[in-house]
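User: Could you walk me through this one? I'd like to start with a helix and then go wherever the questions lead.

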Amino acid sequence: MPVKQILKIAGGYALISLLYISFSDWLLFTLFPNAANLQYVSMVKGWGFVILTASTLAALLRRIQLRESRRYRALLDNHLAVMLVIDPVSGRILDASKAAEKYYGWSMNKLRGKPLSEIDTQGTQKIQADMADALSRDQSVFHYRHRRAHGEIRDVDVYSGPIELEGKTVLLSLVQDVTRLHRSTNEILRLNKLFAQLSNTNKLIMHASDRKVLFDGICRIAVNEGGFLFCWLGLVDEQGIVKPVARAGKDQGYIDQLFITVDTGQKTGGGPTALSLASGKHVVSNDFLKDPR
């Protein structure tokens, strides 16, 4: 509660008390000059003072509570930020902003009471640890992957901190979608790796002492600098069969079971390797598990 509001309540209480005491004392001595009756009436006056001041304070506090409740509701309904109010004990969502309802795709009724574990992909144990951490600080920042109603996973930064709500400590979390930023950052990192691979490969071509050193080095650089899972290099023999002559990385036996012919009419001649050799161009397969070639 703001200091200004506390002073306002205290001032109002003091004014009502002074007016009541002054008026009631004057009225008491005027109406009951008898000392015996005065003692009894004075006691009743004290009871009246307690009832009056307690009722006044209750009315003032109720007015403040209603004002805070309206302000809190307006914040959740009108703010553009995605906000969640979370019970740190149960790990359930107590309330959410209109923006959160729109972002996650669940209605407000479905959001309220939903466990965080149904939204966050990292598991209940980690969620509980992070909530305990957030309770111990004014504000904490966490990096999560949140699930939306239709199943899409998004990268989010969550700014979370404790607040008092109706006499209970809860967590107010602001959720910021950073999926596009993460993708851009990852793409920059990927391009940097490829540039390092290209640069180191060019240096190797200039300084390699023989073909085996060159081939082995190209594969090693692709894995170590380019970030590829594995790399292999093959030469075509006299029968038109592509024979692996260098490799690096973890291929789990994939390279050893390869049988590739440059004859595109053959069953093993229709893949990316044979097509590249036949056309003299690069061939890229970004989803090779589903690529019919």
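Analyst: A definition to begin with: the expected span of a helix is 1.5 Å times one less than its number of residues, and helices (H or I, at least four residues) and strands (E, at least two) are DSSP runs, numbered from the N terminus. This is a predicted model, in which local features need pLDDT of at least 70 and side-chain atom pairs count only at pLDDT 80 or more, while totals for chains, interfaces and linings use all residues. Residues are numbered from 1 along each chain as its sequence is written, and side-chain values use heavy atoms, with hydrogens and water left out.

User: OK, what span should helix 7 have, and how far apart are its end C-alpha atoms?

Analyst: Helix 7 covers residues 211-224, and at 1.5 Å a residue its 14 residues should span 20 Å, which agrees with end C-alpha atoms that are 20 Å apart.

User: Which residues of helix 7 are buried, and what do they pack against?

Analyst: Taking buried as under 20% relative accessible area (1.4 Å probe, protein chains only), with exposed over 50% and partly exposed in between, the buried residues are Phe215, Gly217, Cys219, Ile221, Ala222 and Val223. They pack against helix 6 (179-207), strand 6 (230-236) and strand 7 (241-249), where contact means heavy atoms within 4.5 Å.

User: Switching topic, how many aromatic pairs are there?

Analyst: The structure holds three, counting rings of Phe, Tyr and Trp (its six-membered ring) whose centres lie within 6.5 Å, with planes under 30 degrees apart called stacked, over 60 edge-to-face and the rest tilted. One of them joins Tyr103 and Tyr104, and this pair is edge-to-face because the ring centres are 5.0 Å apart and the planes lie at 80 degrees. Both Tyr103 and Tyr104 are buried. Another, Phe142 with Tyr144, is stacked, since the centres are 5.7 Å apart and the planes are at 5 degrees.

User: Which charged end sits over the ring of Tyr103?

Analyst: That of Arg148, 4.7 Å from the ring centre; the rule asks for NZ of Lys or CZ of Arg within 6 Å of the centre and within 35 degrees of the ring normal. Likewise, the charged end of Lys114 sits over the ring of Trp106, at 4.5 Å from its centre.

User: And which residues make up the covered face of strand 3?

Analyst: In strand 3 (residues 140-147) the covered face is Ser140, Phe142, Tyr144 and His146, whereas Val141, His143, Arg145 and Arg147 form the uncovered one.
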